[in-house]
Amino acid sequence: MAAAVRGFLVMLALALAFAGAFQLGLAYDRPPARKSLFISLSKDLRSTSPQQVHISLVGQDKMRISWITDDPSPATVEYGTSSGAYSFSANGSVHSYSYVIYDSGEIHDVVVGPLKPNTQYYYRCGFDSSPEFDFKTPPSQFPIKFAVAGDLGQTDWTSSTLEHIAKSNYDVLLLPGDLSYADTNQPSWDSFGRLVEPLASKRPWMVTQGNHEIEKIPLIHSQPFTAYNARWYMPFEQSGSDSNLYYSFEVAGVHVIMLGSYTDFDPTSAQYKWLQKDLKKVDRSRTPWLVVLVHAPWYNSNTAHQGEAESVNMKEDMEDMLYQARVDVVFAGHVHAYERFTRVYNEEANKCGPVHITIGDGGNREGLASK
Ligand SMILES: *[C@@H]1O[C@H](CO)[C@@H](O)[C@H](O)[C@H]1NC(C)=O
Ligand SMILES: [Fe+2]
């Protein structure tokens, strides 16, 4: 009888081991990279029509509307809570940038509000008969739903990612770096703006930068982040930061910190000092959740991107601060594979440390890091 029980247990163990192996075999392996996309300007648009519209949170109850036109047009947004009836309007600023032989279109930034939480708004950009857009403001209290995606690029897989996000009924998108993969080819930034507009014009997209945003060319273009800073203006001033490359914001009960992996982070740097101050401002009764985004992961068991200064040195310099502040989650991109650590600090499981999550790949042409 005992032998029979033992035999059964061995069988059970074998069956479980087999089931485990079988499950591994069934794990979803995304097929190789899909074809690259380039989204051209729609023929229906005029030279003053808004294109590449995207929105981002500013303070507790405002939204920045950003768009580009080929020819100059006023930086004015008309908006209201019913379609076609615009009770409010706001003016903003226009600028452009040059990059080697490329000159950007007219980049408009207009902050609208105060806005009511969890409310649908309708808006149009510029005075002419430009199409109507709409957005929904995030709720002021839980529950709130974030979508987190990065390393997007522009391929058929990116479109697939965007379709999934669109279906998720999210409130705010968090993007830990690597947006267009333009990699110095500026028209590709315009293509990216058009690709994401259907989503980014409807919900706030809060982004931080990755290595693909640096776009420095030795001797030819020495300024980093030219296109990124011009096109993706984030609300850094509101959090006391002096750089678009790092900032924080609060939404519902969450304090979100966007760090910059590719700007200075050592203890003498402006980013480090800003982070110290920002963490002191966190009030856990107002924002019980404390979330950090960074491009290069601080914890990573993948063979890809091991030993980079942006991971190793930044972690060495800043991990203590995040630990002392009891950060809940750190989201990273860069390594094109999903990985989640248990709560961790100083290389060891620690129940007061943050959970580190590398979010996986958004669809760019480089493909997956599968080792
Ligand atoms: C925006 O600018 C236009 C043109 O200068 C002006 O007529 C309008 O009153 C301004 N609107 C607001 C809300 O300041
Ligand atoms: Fe990256």
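Q: Which residue classes are in the shell around ligand 1?
A: One residue is nonpolar and three are polar, with no charged residues in that shell. Nonpolar here is Ala, Val, Leu, Ile, Met, Phe, Trp, Tyr, Cys and Pro; charged is Asp, Glu, Lys and Arg; the others, Gly among them, are polar. This is a predicted model, where local features need pLDDT of at least 70 and side-chain atom pairs pLDDT 80 or more, while totals for chains, interfaces and linings use all residues. Residues are numbered from 1 along each chain as its sequence is written, and chains are lettered from A and ligands numbered from 1 in the order written.

Q: Which residues surround ligand 1?
A: T76, S89, A90 and N91 (near means a C-beta atom, placed from the backbone, within 6 Å).

Q: Which strand gives the most to that shell?
A: β4, residues 88-91, with three residues (strands are DSSP E runs of at least two residues, numbered from the N terminus).

Q: Switching topic, how is the chain divided into domains?
A: Domain 1 covers 51-136 and domain 2 covers 146-359, with bounds from an automatic or database domain assignment. Their centres, taken over C-alpha atoms, are 24 Å apart.

Q: How many residues of each are in contact?
A: 25 of domain 1 with 25 of domain 2 (C-beta atoms, placed from the backbone, within 7 Å).

Q: What gives the most on the domain 1 side?
A: β1, with eight residues. By class, that side has 13 nonpolar, eight polar and four charged residues.

Q: What is the strand order in the open sheet?
A: β11-β12-β13, with parallel pairing (at least two DSSP bridges between two strands). Four bridges join β12, residues 172-176, to β13, and L173 stands opposite W205 in β13.

Definitions and conventions
Contact = placed C-beta atoms within 7 Å.
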